Amino acid sequence: MDGFERQFVDGPAGRIAIHLGGPPKGPAVLLNHSILASSAMWQQQAELLAEGGYCVVCIDTRGHGDSDAAAPPYAMSELVDDTVAVLDALRITRAHLVGLSLGGMSAIGLAIAHPQRLLSLLVCDARADMPG
């Protein structure tokens with residue numbers, strides 16, 4: 001992603017890769033990708049948001065992109081914990097959260113467990129339940 005910096009955050013189960021762009025003091029927007037993808041899928045949206053003055057954080061979900069893969073299985077609550085670890089490491093108290101598919105499911109989980117961390121929530125093409 002042009003103008004974005006890759007960093008790693010220590011998560012509960014290993015390193016979480018993030019890509020940061022835009023002004024650090026701007027309103028935070030976190031982008032969570034779908035299963036079997038990476039934060040690279042958000043490139044165009046992330047660059048536009050950064051140009052618009054947002055501090056953009058693109059997270060590689062554990063086992064995807066440049067993030068570590070802990071031994072499966074994974075619980076949705078663990079993916080929520082990973083997102084909280086990223087927010088905490090970046091000292092972001094509240095953020096706009098956008099999630100697609102798996103990223104949307106974990107975004108719903110974050111909204112339920114930590115609603116005080118969200119400025120807004122946009123969930124795309126995701127289930128509200130967790131199939132077996």
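The model is a predicted one, in which local features need pLDDT of at least 70 and side-chain atom pairs count only at pLDDT 80 or more, while totals for chains, interfaces and linings use all residues. Residues are numbered from 1 along each chain as its sequence is written, and side-chain values use heavy atoms, with hydrogens and water left out.

**Helix 1**

Select residues 43–51, which form helix 1; helices (H or I, at least four residues) and strands (E, at least two) are DSSP runs, numbered from the N terminus. Within this helix, colour A46, E47 and A50, which are its buried residues; buried means under 20% relative accessible area, exposed over 50% and partly exposed in between, with a 1.4 Å probe and protein chains only. In general, an α-helix has 3.6 residues a turn, so residues three or four places apart point the same way. Turn to the other side of helix 1 and you will find Q44, L48 and E51 exposed.

Just after the helix, select G53, whose phi is positive, at about 100°.

**S67 and its surroundings**

Move to S67, in the loop between strand 4 and helix 2 (76–89), where a relative accessibility of 9% makes this serine count as buried. A polar atom of its side chain lies 2.8 Å from the backbone nitrogen of A17, and the backbone oxygen of D60 lies 2.5 Å from a polar atom of the S67 side chain. Leaving aside neighbours within four places in sequence, show R15, I16, A17, D60, T61 and R62, with which S67 is in contact (heavy atoms within 4.5 Å).

**Two arginines over rings**

From that group, follow R15 to F8, where the charged end of R15 sits over the ring, 3.8 Å from its centre. Then follow R62 to Y74, where the charged end of R62 sits over the ring at 5.2 Å from its centre; the criterion is NZ of Lys or CZ of Arg within 6 Å of the ring centre and within 35 degrees of the ring normal.

**A128**

Finally, select A128, in the segment after strand 6 (118–124), which counts as exposed at 72% relative accessibility. Its C-alpha atom is separated by 8.8 Å from that of G109, 19 residues apart along the chain.

How values were computed. A polar contact is a pair of N or O atoms within 3.5 Å; within protein, one must be able to donate a hydrogen and the other to accept it, and residues adjacent in sequence count only if both atoms are side-chain atoms.
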